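Open your viewer and get ready to click along. We'll go from stop to stop, with something to select at each one.

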Amino acid sequence: MAASSTKKRKIAVLGSRSVGKSSLVVQFIENHFVDSYYPTIENTFSKVVAYKGVEYDCDIIDTAGQDEYSILNSKHAIGIHGYVLVYSIASRRSFDMVKIVYDKIIDFCGKNEIPCVIVGAKSDLQSSSASRQVQPGEAEELAKTKQAAWVETSAKNNVNVGKVFELCLAEIEKRSPRSQADQPEPGKCIIM
Ligand SMILES: Nc1nc2c(ncn2[C@@H]2O[C@H](COP(=O)(O)OP(=O)(O)OP(=O)(O)O)[C@@H](O)[C@H]2O)c(=O)[nH]1
């Protein structure tokens, strides 16, 4: 059971259909790879994650795949601390979808930026050069313009899967009022 000092965090995983959202989450929570494809309606998983000496009780919401016409479900914006936006490195269309979903969240939340990790999934497919449709450089560039983190993963080979959620917690904490208050201005002292 989570300790009382554990921080509760809600993370939503969004992106086009079949990019590997569920596989990423299942690999993170259950440590195995799902080879078959079952379209998700919605699943919430829980896991306690220790990061930088703090325990985070994370609810991870694996959503149904979105397309250009999907309306952002308010459940995926209200009460959400951080976002994992997934594309497949083998699908340019899914990369374009990340920008669309990002803008929908920004519009819904009425903020300039959100705690977010952009994830290039299925990195194992890069071994066949014909499969890669999104270059790391352009994805990194997109992440920079959105003040988001970026990482490529392979749920199949369990590469960078845990890192996604660590980066997401880092993006959340960076913006949390408490952690900003924890950073004293240079030259100033804190009275305890
Ligand atoms: N090669 C490879 N295939 C993957 C990887 N991750 C997922 N897949 C495959 O891609 C297909 C879709 O994966 P899902 O995880 O179900 O995709 P999803 O984004 O959750 O799909 P929706 O529920 O429709 O939104 C499945 O056949 C997976 O086995 C990966 O890292 N590498």
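Here is a tour of the chain, its sheet, its helices and the ligand's surroundings.

First, some ground rules. This is a predicted model, in which local features need pLDDT of at least 70 and side-chain atom pairs count only at pLDDT 80 or more, while totals for chains, interfaces and linings use all residues. Residues are numbered from 1 along each chain as its sequence is written.

**The whole chain.** Colour the protein chain by secondary structure and you'll find five helices and six strands. Both are DSSP runs numbered from the N terminus: helices are H or I with at least four residues, strands are E with at least two. Reading from the N terminus, the order is β-α-β-β-β-α-β-α-β-α-α. Of the 192 residues, 38% count as buried. A residue is buried if 20 or more other C-beta atoms lie within 10 Å of its own, exposed if 12 or fewer, and partly exposed in between, with C-beta atoms placed from the backbone.

**The sheet.** Six of them form an open sheet with mixed pairing, in the order S2-S3-S1-S4-S5-S6. Two strands pair if DSSP finds at least two bridges between them. S2 and S6 each have a single partner strand and stand at the edges, so one side of each has no neighbour in the sheet.

Pick strand S1 (residues 7-15) next: S1 and S3 pair in the parallel sense over seven bridges. Click Ile-11 and look for Ile-60 opposite, in S3. Further along, strand S4 (residues 82-88) and strand S5 (residues 116-121) are also parallel, over six bridges. There, Leu-85 has Ile-118 of S5 as its bridge partner.

**The hairpin.** Select S2 and S3, which pair in the antiparallel sense over 10 bridges. They form a hairpin with two residues between them. Tyr-51 is bridged to Val-54 in S3.

Bring back helix H1 (residues 21-30). H1 packs on the sheet and touches S1, S2, S3, S4 and S5. Contact here has C-beta atoms, placed from the backbone, within 7 Å. The direction of H1 makes about 150° with that of S3. Axes are lines fitted to C-alpha atoms, for helices over the stretch in contact, and angles run from 0 to 180 degrees between N-to-C directions.

To see where they touch, select Leu-24, Gln-27 and Phe-28 of H1 with Val-161, Gly-162, Val-164 and Phe-165 of H4.

Asn-160 has a positive phi of about 65° without being a glycine.

**The ligand.** Last stop. Which residues come nearest to the ligand? Of the 21 around it, they are Gly-20, Ser-22, Ser-23, Thr-40 and Gly-65. A residue is near if its C-beta atom, placed from the backbone, lies within 6 Å. H1 turns up again here, giving the largest share of the shell, three residues.

Key: Two residues are in contact if their C-beta atoms, placed from the backbone, lie within 7 Å.
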